[in-house]
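Let us read this structure together through a few questions, each answered step by step.

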Amino acid sequence: MKIKSDTLTLDATDLKILKALQEDARQTYANIGKRLGIAHSTVYDRLRKMERHGIIKQYTAVVDGEKAGLKSITALMTIYTDPKESERVAEELSKTPKVLEVYASLSEELLIIAKVVAENQESLHAFIANYLAPLPGVLRIRTSIVTKKFKETPFSISNDADKLHL
Amino acid sequence: MNTENMPKSLRTFPREKAFYFFTSIGNYTGVSAASLKEFVERINEVNVKSIEFHLYRGDFEKWIGETLEDKKLAEDVGKLQKTNPLGDQLRNQLHAIVSKRYQQLAFGLGLVR
């Protein structure tokens with residue numbers, strides 16, 4: 001772990017700690033240290049540094065909404081925008097709790113792609129018709145309602161395991 | 001013209017009260033109408049699938065009744081829904097109803113001759 005002008009450069013040990021933590025964030029420093037063959041104090045120190053530098057953003061629970069009885073639908077929206085207003089549309093969307101992810105993409109046109117959850121199709125439509133469509137700069141919207149989820153994982157150190165030789 | 005004396009159905013509304021045309025749930029065409037006059041024009045231009053989508057959900061009736069506050073026109077559009085027209089037949093019938101109403105109201109105020 002090296003610190004250069006407030007930027008933390010991670011070494012292989014840091015990445016291994018992160019990988020272990022992403023597999024189970026509730027395990028103890030001692031347990032992680034034992035697995036990696038390092039002292040628990042080293043695990044503690046490195047984790048604190050990564051928290052301070054915002055590399056670890058939060059410790060959270062991954063909830064299966066379906067099993068928790070929280071019925072909702074997920075939809076992916078492609079929003080075609082006036083390039084001058086695109087940033088503002090993306091920022092407005094980002095403020096809304098039911099919008100989970102917002103991306104900008106430049107293919108043939110400037111697009112905003114967003115993932116949204118809603119109670120049902122009617123509330124999804126009401127959100128798009130009453131809130132999204134009236135935003136200045138929104139030219140048209142294509143929405144695909146997810147009917148089956150095959151995979152959904154947050155970013156993980158393991159995603160890049162080959163490159164990192166972990 | 002003093003807009004306070006103008007029937008609400010002839011006013012131009014802000015973006016958040018405009019009518020936005022969709023072809024299905026969440027699929028916005030990019031066409032909107034912020035007044036009855038614009039609505040009459042858009043009915044002739046928009047994808048007919050959008051007219052079918054909104055008519056049978058009762059969206060036109062709701063917007064005309066609640067935003068334009070034109071109960072008579074809302075009722076007439078509601079009656080059209082019950083006759084189950086589709087495609088261009090629907091477009092033509094709806095256009096005839098809304099444009100006739102617009103002409104009546106606008107004629108009363110001297111906006112059209």
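Q: How many residues of chain B are in contact with chain A, and with how many residues of chain A?
A: This is a predicted model, in which local features need pLDDT of at least 70, side-chain atom pairs count only at pLDDT 80 or more, and totals for chains, interfaces and linings use all residues. Residues are numbered from 1 along each chain as its sequence is written, while chains are lettered from A and ligands numbered from 1 in the order in which they are written. Two residues are in contact if their C-beta atoms, placed from the backbone, lie within 7 Å. By that rule the contact joins 14 residues of chain A to residues of chain B that number 11.

Q: Which element supplies the largest share of the side of chain B that touches chain A?
A: Helices (H or I, at least four residues) and strands (E, at least two) are DSSP runs, numbered from the N terminus. On this side of chain B, at least two residues come from each of β1 (19-24) and β2 (27-33) of chain B. The largest share, 4 residues, belongs to β2(B).

Q: What confidence does chain B average?
A: The scale here is pLDDT, the predictor's confidence in each residue, from 0 to 100. In chain B, 92% of the residues score at least 70, and confidence is highest in β1(B), at 98, and lowest in helix α5 (residues 87-108) of chain B, at a mean of 92. The average pLDDT of chain B is 91.

Q: Which word describes how α1(A) lies to α2(A)?
A: Axes are lines fitted to C-alpha atoms, for helices over the stretch in contact, and angles run from 0 to 180 degrees between N-to-C directions. The axes of α1 (residues 12-23) and α2 (residues 29-36) of chain A come within 10 Å and cross at roughly 125 degrees. Angles under 35 degrees count as roughly parallel, over 145 as roughly antiparallel, 65 to 115 as roughly perpendicular and the rest as oblique. Therefore α1(A) is, relative to α2(A), oblique.

Q: Are α2(B) and α5(B) roughly parallel or roughly perpendicular to each other?
A: The axes of helix α2 (residues 48-57) of chain B and α5(B) come within 9 Å, crossing at roughly 70 degrees. Their contact involves V48(B), I51(B), E52(B) and L55(B) of α2(B), together with G87(B), D88(B), L90(B), R91(B) and L94(B) of α5(B). The two helices are therefore roughly perpendicular.
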